[in-house]
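Subject: Structure handed over, with notes

Dear colleague,

Please find below the structure I wished to pass on to you. My notes on it follow directly after.

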Amino acid sequence: MRPPLIIISGASSGIGAATARLLSSHGHPLLLLARRLERLQALQLPHTLCRAVDITDRAAVLQAVAEAEQQFGPADAIVNNAGVMLLGTMTQQDPAEWERMLEVNVKGLLNGIHAVLQGMVARRHGTIINVSSIAGRKTFPGHVAYCGSKFAVHAISENLREEVAGHNVRVITIAPGAVETELLSHTSDEAIKQGYQQWKQEMGGVLAAEDVAETIRFAYQQPQRVAIREIVLAATGQQ
Ligand code: NDP
């Protein structure tokens, strides 16, 4: 019998794409969500439904999940990974940037949870995996809204875990340090971007997306009675 359906948001690049490749290699059918459909389709994974969905659009998320569950059966896990990091100082940053970060990183994550939680509770089985960050545990300069969004992910995860633990649903937070992906490229403040690149070099390299994917797989593949609540991982050289 084929393993159950897993949903991954933000699977068109970086950590999401690496996680999709890895979980697909373990035989899972997948629902992949992101705005760039062609990037999802380019992964060419078997038993996979790709949908161009903006994670902030709750109706679109619900529709895609319903379609995937119709095709592959109930979702056993969701990896709420879609996120943006638009670094900037509160004094200078365009409010549209911090608004977008909170919309995607917080509201989008809640949309993902909302789309699967009732079914998991009813079946008394399931796993919610939320991708946060070390920036969800400590602050960094120029990260006010990003840290705010990721601290929120930690708080949401922990409180949700308490709410659904008695229903045999696991909630796992994955908190990576710096990872080599497209994430930084969307920051519009060139000075902050350059500083970040220099910081990455000084620490002697960062994690690969595959390192985080492997951590997600490890946490998910524990027996259902084992809930790894949080994993924090970073390049060894990151302080
Ligand atoms: P990428 O920029 O490579 O990937 C981000 C993904 O999120 C893309 O697939 C993008 O797809 C998707 N996304 C962004 N906005 C939306 C939206 N509105 N609706 C749907 N999908 C969206 O970065 P990473 O792989 O690094 O980021 C993945 C997660 O890991 C994020 O939550 C990030 O905060 C977190 N993280 C990353 C770290 C790093 O150093 N890279 C460190 C710690 C945590 P598309 O543009 O096609 O919609």
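The residues around the ligand number 32, and those that come nearest are Gly10, Gly14, Arg35, Arg36 and Gly83. Please bear in mind that this is a predicted model. The largest share, three residues, comes from α1.

As to the record, an unreviewed UniProt entry carries the annotation "domain: Ketoreductase" for residues 4-187. Over residues 4-187 the chain is 45% helix and 19% strand, with the end C-alpha atoms 36 Å apart.

Strand β1 (residues 5-9) pairs with β2 in the parallel sense over four bridges; serine 9 has leucine 33 of β2 as its bridge partner.

The largest nonpolar core has 62 residues, and the members that touch the most others are Ile6, Ile7, Leu31, Leu32, Val65, Ile129 and Val212. Nonpolar side chains tend to be buried together in soluble globular proteins. For leucine 32, the residues touched beyond four places away in sequence are Ile8, Ala11, Ala20, Leu40, Thr48 and Cys50.

Positive phi outside glycine

Two residues other than glycine have a positive phi. Arginine 124 has a phi near 55 degrees and is found in the loop between α4 and β5 (126-131). Arginine 124 counts as exposed because it has 12 C-beta neighbours inside 10 Å, and a residue with 12 or fewer is classed in that way. Asparagine 168 has a phi of about 65 degrees and lies in the loop between α5 (144-164) and β6 (169-176). With 15 other C-beta atoms within 10 Å, asparagine 168 is therefore partly exposed.

Which residues does valine 84 contact, leaving aside its neighbours within four places in sequence? They are Arg100, Met101, Val104, Asn105 and His186. Valine 84 is found in the loop between β4 (75-80) and α4. Its C-alpha atom is 9.9 Å from that of serine 185, although valine 84 and serine 185 are 101 residues apart in sequence. Valine 84 is partly exposed because 18 other C-beta atoms lie within 10 Å, whereas a buried residue has 20 or more.

Isoleucine 231 belongs to strand β7 (residues 230-233). Isoleucine 231 and proline 176 are separated by 55 residues in sequence and by 8.0 Å in space, C-alpha to C-alpha. Neighbours within four places in sequence aside, isoleucine 231 is in contact with Ile174, Ala175, Thr215 and Ala219. Isoleucine 231 has 15 C-beta neighbours inside 10 Å and so counts as partly exposed.

With kind regards

Note on methods. Residues are numbered from 1 along each chain as its sequence is written. This is a predicted model: local features need pLDDT of at least 70, side-chain atom pairs count only at pLDDT 80 or more; totals for chains, interfaces and linings use all residues. A residue is near a molecule or strand if its C-beta atom, placed from the backbone, lies within 6 Å of it. UniProt positions are given in the numbering used here, feature names are shortened, and annotations may be inferred rather than shown by experiment. A nonpolar core is a set of buried Ala, Val, Leu, Ile, Met, Phe, Trp, Tyr and Cys residues joined through C-beta atoms within 7 Å. Two residues are in contact if their C-beta atoms, placed from the backbone, lie within 7 Å. Two strands pair if DSSP finds at least two bridges between them.
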